[in-house]
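Thanks for making the time, everyone.

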Amino acid sequence: MVTFKKPDIENFYRTFNVQAFTVSPDEKQLVFSTNLTGKYNLWAMDLPNQYPYPLTFVDQNCHALRYSHDGRFLVVGFDQDGDENAQLYALPPAGGELVPLRTAEGHRHMYPFLSKDDKRLYYTSTKNNETFLNIYQYDIENDEEKVVLEGADAACFLLAVNEEETSFVYMKQFANTYAPGYVYQNGKSYSLTPETEEQFTVGDGVFVDKEYYFVTTFGEDFSYLAKFHLETHEFSKVLSLEKEEFDVVRFDKQTNSLYLLTSKGVNDYLYQYDLASGTLQKVELPATVVTGIKVMESGNVYLLAGTATKPYNIFLKEAGSTEWKQLTNLSVPGVKEDELVVPEVFTYPSYDGLAIEALFFKAKDDVNNGHVILWPHGGPQAAERNNFRAMFQFLVNRGYSIFAPNFRGSTGYGLAYTKMVEGNWGEGPRLDNIAGLEYLYENGLADREKTLLMGGSFGGYMALLLHGRHPEYFKAVVDIFGPSNLFSFIESVPNHWKPIMNQWVGDPEKDFDKLTEYSPITYLDNMTKPMLVIQGANDPRVVKQESDQIVKALQDNGVNVKYLVLEDEGHGFSKKANEILVNRTILEFFDQFVVEKVTN
């Protein structure tokens, strides 16, 4: 009889990912960034054929991917080993030489837009203005560049350019929850929204004739669709949906309609809004979470989307059809989809009665080892979604259940909810996590004696803080590039983040006592449980010093700490070999504390 071993970690981590995609104007070529070789490169498929072939061999994260209007070249952006300093290049559709478009060592170039004739490139950059950023126009033919807008007061990001190149939309980021938008015309900026003292955000948008349709929270808690008339400069609300956040807007010329991608809690939804009649129609999605959408001149719609049990894949819905065709077929090698776990989604009351939505990935009975891992997500102004995480599915497959709450400060639940973490990093979110554990215990979903803790980025910070403030809850702790000292963190973030730090985290002088209280390193003496700390050496967001200092301090205190530093990574793991190493290390670390293991 032939018997097969239980899927190894490499089965789950040989699950490949698609970072971004674009489609040629004639829709004969699909180009996407994927790690099919273990490192990210650009690959392509000649539609309708679905056999991929490589275009680049740079082995780096893709930060920009855009086809020229005439289909002659692509504008692509790559960083170097996670440093996030993306440089812009031109790439032939057949692959080959990367021709530098805009490069400057130590600086990052973002949000490139090409003019309709493909002769001019517009983009945002940190060069010459690292704190507030500049928006540039680069003449590709004549190799000449000029500043379109010099950033001031807050970091400025280019959002859109109209076909005539007479109107430019940009956003000023004073905070993650305060980002007003402007139209720049004839050397002057006009606010997209009426004047107000209230904080709000402006997000994605699209030009349609003489109007600009965009997403905003101006005057409301949940984002909605609004428009701005480019000649009269009048603002008006167009459409909102109960408790749904509007995220992405795309224009379909064929039907004179807008595709609207929204989110409600952990799932995404898609609608088509007819501009002539004002009618809204729901479009069924092939997945639960969407990270990319492109609407072509033909009316065809392409999506990058996935579920908790299915990695991100690219789908096509042809104009006039309601059916989605899956163009890529990424899955977990050697593991059937029904062997993976769909999370339960529930809401629990926090310490002050606030309703917190959470995902609970419960290990199946035949492998369940009784241990639950608390996973506070990163951000913190982000959210855990109903999408695929190889880490989650592998750990659940090995018997661990995972609890992932969307504590106060998470996105997708209204602006007021998202703002609750600002200046409150170490209080409300911490107690939301503890209230979640108590809810699990009270409802028989977890054992008080079998709780583990792991998080990355803000989640890593929260793992450290929970360890320091509530060590009695946890058997062991994993911190993945988490800030350990809020004073040094505020000082070391990228320069264009610094204008938002006072509101987001706190003022080092005015909030000295609070930042001391909220810094994990304050509670070193309470951190007695075994720890694993993981850090990317090139991380520009949470620099290596944040992990170095907590590891040294804990080791000086005699705490059992394992420290894993990845020299060729930044704020995440872009290389499969590193991803496998990290997660094998995490599994081996946690397995030490599972006394009663379930064997097959």
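Predicted model: local features only at pLDDT ≥ 70, side-chain atom pairs only at ≥ 80, totals over all residues.

Let me begin with S401, which sits in strand β32, covering residues 401-406; helices (H or I, at least four residues) and strands (E, at least two) are taken as DSSP runs and numbered from the N terminus. Residues are numbered from 1 along each chain as its sequence is written, and side-chain values use heavy atoms, with hydrogens and water left out.

Is S401 buried or exposed? S401 counts as buried because its relative accessibility is 3%, where buried means under 20% relative accessible area, exposed means over 50%, and partly exposed lies in between, with a 1.4 Å probe and protein chains only. A polar atom of the S401 side chain lies 3.0 Å from the backbone nitrogen of A363. Once residues up to four places away in sequence are set aside, S401 touches F360, F361, K362, A363, N368, H371, V372 and I373, contact being heavy atoms within 4.5 Å.

From there I move to the packing. The largest nonpolar core has 95 residues, and F403, M454, I586 and F590 touch the most other members; such a core is a set of buried Ala, Val, Leu, Ile, Met, Phe, Trp, Tyr and Cys residues joined through side-chain atoms within 4.5 Å. Helix α5 gives the most to this core, with seven residues. For M454, leaving aside neighbours within four places in sequence, the contacts include W375, M391 and V478, and also I586 and F590. Apart from this core lies another, of 17 residues, with F21, F32, L47 and M296 among them.

Helix α5 itself runs over residues 458-469, and its 12 residues reach 16 Å from the first C-alpha to the last, close to the 16 Å expected at 1.5 Å a residue, the expected span being 1.5 Å times one less than the number of residues. The helix is mostly covered, with 11 of its 12 residues buried, including F458, Y461 and H467.

Now the rings. Rings of Phe, Tyr and Trp (its six-membered ring) pair if their centres lie within 6.5 Å, with planes under 30 degrees apart counted as stacked, over 60 as edge-to-face and the rest as tilted. By this rule the count comes to 34 aromatic pairs. One of them joins Y122 and F168 in a tilted arrangement, 5.3 Å centre to centre with 50 degrees between the planes. Y122 is in strand β10 (residues 120-125) and F168 is in strand β14 (residues 168-173), so this pair ties together parts that are 46 residues apart in sequence. Y122 is buried at a relative accessible area of 2%, and F168 is buried at 11%.

Another tilted pair is formed by Y348 and F403, at 6.0 Å centre to centre and 50 degrees between the planes. Because Y348 lies in strand β29 (residues 344-349) and F403 in strand β32, the pair ties together parts that are 55 residues apart in sequence. Both Y348 and F403 are buried. Ring pairs also link F174, Y178, F200, F207, Y212, F214, F218 and F235 into a cluster.

There are charges over rings as well: R66 lies over the face of F113, 4.6 Å from the ring centre, and the charged end of K172 sits over the ring of Y182, 5.9 Å from its centre. The criterion is that NZ of Lys or CZ of Arg is within 6 Å of the ring centre and within 35 degrees of the ring normal.

Finally, some backbone geometry to inspect. The peptide bond from L47 to P48 is cis, with omega near 5 degrees, and P48 lies in the loop between β3 (41-46) and β4 (53-54). The bond from G379 to P380 is cis, with omega near -5 degrees, and P380 is placed in the loop between β31 (372-374) and α2 (390-397).

Which value does phi take at D118? Phi of D118 is near 65 degrees, a positive value in a residue other than glycine, and D118 counts as buried at 4% relative accessibility. D209 has phi near 55 degrees, also positive in a residue other than glycine, but D209 is exposed, with a relative accessible area of 74%.

Definitions and conventions. Polar contact = N/O pair within 3.5 Å; in protein donor to acceptor, adjacent residues only side chain to side chain.
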